Structures are given as structure tokens and as C-alpha cells.
Amino acid sequence: MPGPLQKQASAFTAISSVAQMAALFHTDEKMLSLHALKPAYHSYEIPKASGSFRLIEDPHTALKKIQRHINARLQALYYTLRPAAVYGFCYSLPHEEERNVVNNARRHCGNAYMLNLDLKDFFHSITDKKVSQLFKKIVPRAEKHAIDVLTRLTTYRQRLPMGAPTSPALSNFAMLAFDHELEQWAKVAGITYTRYADDLTFSSPKPVSRTDEKFIDHAIINQGFAVQENKRKRFLPADTKIVTGLRVMSSHVDLPENYLPLLHTEIERLKTTLQVEGRYRTGMSYRKLKLFKQELQGKINFAGMALGNEHEKTKEASQRYDDALQAAENFESANWLDIPYIF
């Protein structure tokens, strides 16, 4: 384990009191206790591809700063424990294969049969009681009050919040025993297993049998989670296989066929929206426009991960996005000429 990560992990696991925690996080003990007593979040919803909405609970700045300190220590410790199957929300060093959605999907290239499962309400299924139990193992010397403060600093409404920097790392710790169990089972069964957050994928040259599925389902239930049944997908050799948003081919991964055409359509919609807002000042919220831009930029970045940033299709999408922003600016600056002035 690299020195800096070892130092961070050791300092965190050695905590015994809130005072030591405050010193480690470069903050005040009273401030830690105050944020733990009344954690402040801004909640809002964002649309999902399915048409439903995802609840985001965004911690206020001061609380988020503390959570980032905690997350850095959690990630340093998890680095020493991470199973080979886990590809989401964990550190990778420069000389290592990066743990991301692309390499998660690549693990399944060449397998004819596949099973994909999503865990229902993943973060919200991890309760404050479970988080407290995790911290008792992570910080074994900590007194009860320190465990309570850590738990309150990282949970909201008695479970992990979707939006806190600490939630992904804590979810990985909550799944640690499950991942090790499934890795060992998969090795014996001749199955490739990977997990990216709540997305579990199993693939094999042979069919993933109903007996295999029952074992997996039972392990999930034992861990306190449930499968989102409408997202249970079984793939046969002739099927187009999708893992973490990517098409899994025999030797490589690619974007789904409709990904770039839909992205180009969305970029045109952004361009039109910005032009209309620039001319008519409809009052569309700055936050909505910002989220729309972030969503498109995220999709372009995803294309870059899958194809490479220098791939012509990635460059084309990026250029279309830049052109849309520039066209909107030019449109807005020119539209004043259309206003008739009468003196």
C-alpha cells in the first residue's frame, strides 16, 4: 500500500474521540458536533432515463467539506480491502487499471451468456444502524460518542443520502462481505462477476442457470437488499449485451447504437433553449440550465471514456456542444438589432 494512503488510513483507524477526529479533519470539535446534531442538506429531483425522478440530497458546503475529509480516509482504507470485482467509487493508482464503467464492462467481453441485476434503493437501503456498525469495525478504538458523530455526519433521515461524498465509499464497505462471497462462488462456478455501485453483472461462456440466480438472490437478501425486478436482464448469445451503459462485444466495448444520435439531438435542444431564453427571457431557472449543460458534458465525457478522447466521434460531439454554446451567445448578442427604437 502506498505511503500516503497508508498514513491516511492509519490516522483514521486510530481515532478514539471526537477531539481527535476534529484535529484530523482540521476543524473545531464543537463544529463537528453541531453538524452531526443537525446535518443540513438541499434536496431536489433530477429526471432519470426511465421517466421517473432521482432524489438528490446535496449537503451544504460546510458539511460537505467535513464529509470529503471522511471520504478520503474511507477510500484510503478501502483501497487495501477492495475486491477485484468492484469497479465503482474506489481509488486506482496511476500504474493500475482504472476502476470505472468501461473496464467494468470489459471484464465481460467474449462471454456468450449474461445476467444483469440492479439493487433497489441502494443507498437508502443502508441504514444509520448499518453505518454505525461499519464505523465500529472501521474505527475500532473509537468511543461511542465518536461513532455516533461519524454516523450522523454521513447519514440523513436514518440512511445514506444520495449526494453525500461519503455515501459511495460507505456503500462499498457495506457490500464488502457480499463481494468477497460472490467472488469466491463465481470463481468455482466459472462465472465472471463485477459490481459497479448497485449494478451487478454475471457472465459466462455457458448459461447462468436458475440455480445460480437463486444463489445470487439469496446472497442479496441476506445482505439486506432487494433486486429491482423490472431491471433483471438475461442475455443470450445473439442478444446485444449492455453493461453499465456500454455495448459488450466479443473483444471490446462500444457505445450503444443510438447513443450519439440521441446526444446530438439533445445538444440541438440545448442550443434552441439557450437561444429562446436569450431572446425572450422566459425566466428558466439558472439551476435547470446548469444541470442540462452538466448532463450533456457528462455524456460527452462518457463517450470519451468508451471511445477515447481523440476519437473522431468524441471530438465531433464535443465540437457540436461548443458550437451550440457559441451560437447561442452570438444569437443573444445579435437580437438587440431586431428591436425597433423610436425617438
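This is a predicted model: local features need pLDDT of at least 70, side-chain atom pairs count only at pLDDT 80 or more; totals for chains, interfaces and linings use all residues.
Residues are numbered from 1 along each chain as its sequence is written, and side-chain values use heavy atoms, with hydrogens and water left out. Strands are DSSP runs (E, at least two residues), numbered from the N terminus, and two of them pair if DSSP finds at least two bridges between them.

**Strand 5 and its burial**
- Strand 5, residues 199–204, is mostly covered, with six of its six residues buried (under 20% relative accessible area, 1.4 Å probe, protein chains only).
- Asp199, Thr201 and Ser203 point one way from strand 5, whereas Leu200, Phe202 and Ser204 point the other way, and all are buried.

**Partners of strand 5**
- Strand 3 (residues 113–118) runs antiparallel to strand 5 and is joined to it by six bridges, with tyrosine 113 standing opposite serine 204.
- Strand 4 (residues 192–196) is also antiparallel to strand 5, through five bridges, and here tyrosine 196 stands opposite aspartate 199.
- The hairpin of strand 4 and strand 5 has two residues between the strands, and in it alanine 197 takes a positive phi near 60 degrees.

**The sheet 7-8-9**
- Three strands form an open sheet in the order 7-8-9, with antiparallel pairing; its edge strands, strand 7 (241–243) and strand 9 (253–254), each pair on one side only.
- Strand 8 (residues 246–248) is joined to strand 9 by two bridges, and valine 248 stands opposite valine 253 in strand 9.

Technical notes. Buried means under 20% relative accessible area, exposed over 50%, partly exposed in between (1.4 Å probe, protein chains only). Helices (H or I, at least four residues) and strands (E, at least two) are DSSP runs, numbered from the N terminus.
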